[in-house]
Amino acid sequence: MSQDRINQNTTVTSSFIIHSVGGLDVIIAIEGIDGAGKNTLVSALVEKLDATVIGFPRYADSIHAQLAQRALYGQMGDLTDSAYAMATLFALDRYEALPQLRSFVHKPSVLLLDRYVASNAAYSAARTQDAAMVDWVADLEFRQLGLPVPDLQVLLNTPPELAAQRATMREQQDENRVRDRYESDSRLQERTAAMYQSLAETNWFSPWVIAHPELSVAEISERIVSAVL
């Protein structure tokens, strides 16, 4: 969807900010810290929008994502110590999916992205505690790698404490699920949540929807649907 089709008028409710997009050829990125509830929202939106979903990182399909995952579990030496190296691996994971992403540009359909470039920007800036990292990631992914800019970005503004409880419960319920270095770092999650908030409030690269935790998944999904139809 071209930028000139995006209506920048903002409708504000007590706990939801909607920037109307309009049209059906739309790429929507769902963002939030670990345990924010992204998978649950994506599942609800798929039913309502008949959308295709790509989840990042693509651990099952991408060698770059697989290397990043190994690093997050301490299996790649000191690789994870470099925020730039990790950010590059996550960016290259998306670059591998570029043909699929481009196929949805100007196509009468909806593509949902479970994490996208904003995730890399937020986590990388939170790791380095340097806001300039946001621009570095944007330059790498949008300019150098040519990834399409999403038409709408959704931030699940879940408090880090609640997100951590969900992540811990998920780990306890699945004996094969062990939190990685990022997921288990509570201070990193807090800084990432703050960086996400900053990106959303400034409409980083495209309009954002900010969803607060008092809203149900049904309410959030209905309002996103209203924003894009």
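Q: How many salt bridges does the structure hold?
A: Six, counting a side-chain nitrogen of Lys or Arg within 4 Å of a carboxyl oxygen of Asp or Glu. This is a predicted model, where local features need pLDDT of at least 70, side-chain atom pairs count only at pLDDT 80 or more, and totals for chains, interfaces and linings use all residues. Residues are numbered from 1 along each chain as its sequence is written, and side-chain values use heavy atoms, leaving out hydrogens and water.

Q: OK, what does arginine 181 pair with?
A: Aspartate 81, with the closest N and O atoms 3.3 Å apart. Arginine 181 is in the loop between α7 (160-173) and α8 (186-201), while aspartate 81 is in the loop between α2 (63-72) and α3 (83-96), 100 residues apart. Helices here are DSSP runs (H or I, at least four residues), numbered from the N terminus.

Q: And glutamate 141, which residue is its partner?
A: Arginine 94, at 2.7 Å between the closest N and O atoms. Glutamate 141 lies in helix α6 (residues 132-144) and arginine 94 in helix α3, so the pair ties together parts 47 residues apart in sequence.

Q: Is glutamate 141 buried or exposed?
A: Buried, at 0% relative accessibility, where buried means under 20% relative accessible area, exposed over 50%, and partly exposed in between (1.4 Å probe, protein chains only). Arginine 94 is buried too, at 4%.

Q: Switching over: where do arginine 143 and aspartate 139 sit?
A: In helix α6, four residues apart, so about one helical turn separates them. Arginine 143 is exposed at 59%, and aspartate 139 is partly exposed at 29%.

How values were computed
Helices (H or I, at least four residues) and strands (E, at least two) are DSSP runs, numbered from the N terminus.
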